[in-house]
There are 2 protein chains.
Amino acid sequence: MNYPNGKRSSISLPTGIKKKKQPDFSNRGMTLEEDISATNDYYRTHDIAVIHKKPTPVQIVKVDYPKRSAAVIKEGYFKQASTTDFNGIYKGQYVDFEAKETKNKTSFPLSNIHQHQIDHMKAIHHHGGICFMIMRFTPHDETYFISAKKLFHWWDEQYNGGRKSIPYSFIKRNGYLIPFHYQARVDYIKILDKLFF
Amino acid sequence: MNYPNGKRSSISLPTGIKKKKQPDFSNRGMTLEEDISATNDYYRTHDIAVIHKKPTPVQIVKVDYPKRSAAVIKEGYFKQASTTDFNGIYKGQYVDFEAKETKNKTSFPLSNIHQHQIDHMKAIHHHGGICFMIMRFTPHDETYFISAKKLFHWWDEQYNGGRKSIPYSFIKRNGYLIPFHYQARVDYIKILDKLFF
């Protein structure tokens, strides 16, 4: 877990677990996704906003139906998400965002995002939704809000000979540092209030 | 598939398939969910609205990582959805709905819906989103739009000694028959336009 002083506790892996096959928990607290889900729970239980993470898309191939017990998925595959991870409503407005963390110190690699996610965000933006991205630079322990429009710029530029990553310095200047609160761990609504309401 | 005259082709099951374990395709065309997904595709490709079905929530228990191929889910279970199936944006407004079909001729059984879905719909309604339900009575081959508010009334009443189902006659009088179009098969946006825009 994260402590209010910003330090993270280290969780050691059980012995015998192959590190390569496991998410990397070394010297890390909750993932960005977990932090945002906890934040959304807080928003929901305090009647601030209703924002959910969409379930991971799975292609189900084989299901067993054992007698007197629940159906068991015996073969399935992870599918690439066709939209962003989070959406919902805040102050009557449609809100839609993607969240990604990087271990990179100096830039955010655009390979973390997919073309259809950008297409989805562009459609949302076009239809008047509030659309953005939350980026965490784990080496800096900083989490930023960056508007979809600024993201589109870098995304499109990479196909015009531009770079394949967004410099950390750009995010620092043009994004908004998201405050950490003990309950609303990634309190992005603070930023929405500043920008849209 | 559905034909413009409203008749459905019958799809026969391959012999040897245990009917009990399979979805019932007898004398039926596309499911309501498939019809709505096709409708959403049409809305999206024609830049009318951006509305998606959320992936089915799966509790993943065991994953294999074969060499040189994709991760395989070897054990998983279906989880109950904590929200509705569909959400998105139309004309700048947050839209959220659940879709269910029944084989019942005279009423829609409330057991088709879960308490947390109602809780979610109430929260959306409270935050100013457009929230409703799409119900199909397969014996009548009719699909209705019913506002969340009217659904809440029947839902809450069942715990005050009310009935456990909504009469078909009530839906017919208080819901809105959703027109069938060849491309927008369940053209619910026609109803939204009438009621909200």
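A residue counts as buried under 20% relative accessible area, as exposed over 50%, and as partly exposed in between (1.4 Å probe, protein chains only). This is a predicted model, in which local features need pLDDT of at least 70, side-chain atom pairs count only at pLDDT 80 or more, and totals for chains, interfaces and linings use all residues. Residues are numbered from 1 along each chain as its sequence is written, chains are lettered from A and ligands numbered from 1 in the order in which they are written, and side-chain values use heavy atoms, with hydrogens and water left out.

**Stop 1: chain A as a whole**

Select chain A. Of its 197 residues, 44% are buried. Now switch to a cartoon view: chain A has 5 helices and 10 strands. Helices (H or I, at least four residues) and strands (E, at least two) are DSSP runs, numbered from the N terminus.

How many of the contacts in chain A with a separation of 6 or more are between residues 24 or more positions apart? The share is 63%, where a contact means heavy atoms within 4.5 Å.

Next, show the surface. Chain A exposes about 10,300 Å², and 52% of that comes from carbon and sulfur atoms. Such accessible areas come from the Shrake-Rupley method with a 1.4 Å probe; for residues, only the protein chains shown count as cover.

**Stop 2: a nonpolar patch**

Select A:Y176, A:L195, A:F196 and A:F197. Together these residues make a nonpolar surface patch of about 350 Å². Patches are made of residues with over 30% relative accessible area and no salt bridge; like charges are joined within 9 Å, and nonpolar side chains (Val, Leu, Ile, Met, Phe, Trp, Tyr) within 5 Å. A salt bridge, in turn, is a side-chain nitrogen of Lys or Arg within 4 Å of a carboxyl oxygen of Asp or Glu.

A:L195 is partly exposed, at 35% relative accessible area.

**Stop 3: the two chains together**

Bring chain B into view. Two copies of a chain are related by a rotation about an axis and a shift along it. Here a rotation of 180° with 0.0 Å of shift along its axis places chain B on chain A, with an RMSD of 0.0 Å. This is the relation of a two-fold axis. The superposition is by least squares on the C-alpha atoms of residues with pLDDT of at least 70 in both copies. Both copies use the same surface, since 97% of the contact residues of chain B recur in chain A.

Select the contact itself: 37 residues come from chain B and 37 residues from chain A. About 3,100 Å² is buried between the two chains, and carbon and sulfur atoms give 67% of this area. Buried area is the accessible area (1.4 Å probe) that two parts lose on being put together, summed over both. How many salt bridges are found across the interface of chain B and chain A? The rule finds 0.

**Stop 4: two backbone angles**

Most residues other than glycine have a negative phi. Select A:R68, which is not a glycine and has a positive phi of about 55°. A:R68 is in the loop between β2 (58-64) and β3 (72-78) of chain A, and at 83% relative accessibility it counts as exposed.

Then go to B:D47, whose phi is also positive, near 60°. B:D47 is in the loop between α1 (32-45) and β1 (49-53) of chain B. With a relative accessible area of 42%, B:D47 is partly exposed.

**Stop 5: salt bridges**

Side chains of opposite charge can pair when their charged atoms come close. Over all chains, the structure holds 16 salt bridges.

Select A:R185 and A:D35, whose side chains form a salt bridge (2.6 Å, N to O). A:R185 lies in the loop between β10 (176-177) and α5 of chain A and A:D35 in helix α1 (residues 32-45), so the pair ties together parts 150 residues apart in sequence. Are these two residues buried or exposed? Both A:R185 and A:D35 are buried.

Finish in chain B with B:D41 and B:R44, a salt bridge whose closest N and O atoms are 2.7 Å apart. B:D41 and B:R44 are 3 residues apart in helix α1 of chain B, so about one helical turn separates them. B:D41 is partly exposed at 39% relative accessibility, and B:R44 is partly exposed at 30%.
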